[in-house]
Amino acid sequence: MLCARHVFRCFKWLERAGDRITGAAGPYFIGLAVILQAIGAASFFTVIQPSLPLRWLTTPLCALLALNLFTHYYYVCTVPPGFVQDEVLLPGSGRLWASPSQRTSAGVRWSNRGITLLAANTTACRRCGLMRPERAHHCRICGRCVIKYDHHCPLPAGINQCVGLNNERHFVLFMAYLVLSTFFLSILGYSQALEAVGLTYSNNWPYMVPQLAYILTYMLSVVICIAVFIMLCWHLWGIARGETTVEAQDHEVYKRIARDRGDNFVNSFDLGKSTNLRLFFNIGPDGYPWYTLILPLRIMPYTDGRSWARREGFERHQGIQEGEELTDDDGDDDGA
């Protein structure tokens, strides 16, 4: 027993050391991500794009794709995730902000259309002592509680902050446009990649980007496309189920607790896949127009995090009792 305790403490020390290193290296990850995106864009627009047919059509589409990629990356790195002690995010009025389908006040939206929003229960954080609403978690790296905390993301996206209520939509859209960008680079740049490695009859390389740089960029794009596509599918599946990454882990524990007492666990935040996705991206009659998915505009989340949409007739999850909810001490994830 004594040996096991020492091993556990050793792993906890390594975990904390990893948190400190990750936090310190975050700005360098951002710099690396910006450089890689810039090299990828330069490779595409100087090597691949000039050879595409219908350039009058493909050039604007490619530019829109790149604009979404860079803009959502900027947003997810700079928009605060939604710290509990911060003031409620208010909509902006600049050109980068989209106009909602209908005007609403700050705070709770989607107050009709068959969707029920209830005030979130509050609990005290065991680490920082703040009173926080449901779905908030304490981040070990930031040292603060984040509303609708999903994870802290130093890698692989390199955003150097938490993903939470206010920037989670930008994170998912950034991954989506990163997958699209690397996919098109991998498919459309295949012939140039063969030419760069010398597998064609042409020995001429008339492009500004060096052959070695293009080969490395192409290989990295293929790897990133596959890896981020898997991550994107995982996040979209969680969104469709009405849960964050942390909540998905907690819900597996709740299911076992409910099953042991002969009950079924029901996530009260799960309103059905279609509704969950519409609420997450906040599009629809009570949200924003659909074009906000293809134009890199800022929008507000459907709630301020102090109220949540729940299943009709549910005020809490079914299958667990009050006091059985996991805390940050009981169920830490990679950054909680």
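Reader: Which residues of the largest nonpolar core touch the most other members?

Author: A nonpolar core is a set of buried Ala, Val, Leu, Ile, Met, Phe, Trp, Tyr and Cys residues joined through side-chain atoms within 4.5 Å, where buried means under 20% relative accessible area, exposed over 50%, and partly exposed in between, with a 1.4 Å probe and protein chains only. Here the largest such core has 24 residues, and those touching the most other members are Tyr73, Val76, Ile159, Phe171, Val172 and Phe281. Two or more residues each are given to this core by α2 (55-78), α3 (168-188), α5 (211-240) and α7 (273-281), and the largest share, 8 residues, comes from α3. These helices (H or I, at least four residues), like strands (E, at least two), are DSSP runs numbered from the N terminus. This is a predicted model, in which local features need pLDDT of at least 70 and side-chain atom pairs count only at pLDDT 80 or more, while totals for chains, interfaces and linings use all residues. Residues are numbered from 1 along each chain as its sequence is written, and side-chain values use heavy atoms, with hydrogens and water left out.

Reader: What does Ile159 touch?

Author: Contact means heavy atoms within 4.5 Å. Not counting residues up to four places away in sequence, Ile159 touches Ile30, Tyr73, Val76, Cys77, Cys153, Pro154 and Phe171.

Reader: How many disulfides does the structure hold?

Author: The structure holds 0 disulfides. For Cys128, the closest cysteine sulfur is that of Cys145, 3.5 Å away, which is too far for a bond. Cys128 is partly exposed, at 33% relative accessibility, whereas Cys225 is buried at 12%.

Reader: Which residues other than glycine have a positive phi, and where are they found?

Author: Most residues other than glycine have a negative phi, and most peptide bonds are trans. Among the residues with a positive value is Arg135, whose phi is near 75° and whose place is in the loop between β3 (131-133) and β4 (137-139). Another one is Asn282, with phi near 55°, found in the loop between α7 and β8 (307-310).

Reader: Is Asn282 buried or exposed?

Author: Asn282 counts as buried, at 0% relative accessibility, and Arg135 also counts as buried, at 10%.

Conventions. A disulfide is a pair of cysteine sulfur atoms within 2.5 Å.
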